Amino acid sequence: TIFRIFVILLLYLAVSSCVTTPAPPDSPNDICNIFHQYPKWYWAAQQARHEWKIPISTQMAIMYYESGFRGNARPPREKKFGLIPWNRPTTAYGYSQALNYTWEIYERQTGKSGKRTNFSDAIDFVAWYSHRAHVLAGIPNNDSYALYLAYHEGIGNYKKGSYRHKKWLINVAHRVDRRAHMYRKQLLRCESKLPKKPWWY
């Protein structure tokens, strides 16, 4: 019996190690199609909106520009001597591109534990961090432009204005804001028709 349990455990670990994150959505420019393709993503973003008061459109726009909805996203490796793949510039990882240290703070402060490769955990992190930026830096909950700057730079650096001399980052933040507005308009059209979360989920 112990041997059988041991074998089952090994098989479970082997299968678990092969599990991959879902492919990015087929239509990343249409939040209605995203949530029809992945209803669990909608339910997770809905829960994060309820808990942290950050619009779903802002959550999803930030995630789009952080990882392109790729659960295993990482920054590209730097090149040694311009040729040899070397270290990655940061520990950013997963859908939210959260750093190791920031993810640990999230888990400690919320009492939650999860994985950056899990969409539900990652979208909750995005909403939590945006809520922190709202509380600590006074950024309105629906100001996707400023929330993204704080998300990218860190709240402390944002308050110091570290982004002001980074034209490329300001351009990205404007794109995040435009996408959030686009997603918001789309949601107004389709949210009532999205799949409802089952009572047992």
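This is a predicted model: local features need pLDDT of at least 70, side-chain atom pairs count only at pLDDT 80 or more; totals for chains, interfaces and linings use all residues.
Gln 97 sits in the loop that runs between β2 (84-85) and α5 (100-110). Most residues other than glycine have a negative phi. Is Gln 97 buried or exposed? With a relative accessible area of 12%, Gln 97 is under the 20% limit and therefore counts as buried.

Next, select Lys 53. This residue is found in the loop between α3 (39-52) and α4 (56-67). Lys 53 is not a glycine either, yet its phi is positive, at about 65 degrees. The relative accessibility of Lys 53 is 48%, so the residue counts as partly exposed.

For the last stop, select Cys 32 and Cys 190 together and show their side chains. A disulfide joins Cys 32 to Cys 190, with an S to S distance of 2.1 Å. The pair links distant parts of the chain, 158 residues apart. Cys 32 belongs to helix α2 (residues 31-37), while Cys 190 belongs to helix α9 (residues 167-190). Which hand does this disulfide have? The torsion about the S-S bond of Cys 32 and Cys 190 is about -95 degrees, so the disulfide is left-handed. How many disulfides does the count come to? The count comes to one disulfide, and the tour ends there.

Note on methods. Residues are numbered from 1 along each chain as its sequence is written. Side-chain values use heavy atoms; hydrogens and water are left out. A disulfide is a pair of cysteine sulfur atoms within 2.5 Å. Helices (H or I, at least four residues) and strands (E, at least two) are DSSP runs, numbered from the N terminus. Buried means under 20% relative accessible area, exposed over 50%, partly exposed in between (1.4 Å probe, protein chains only).
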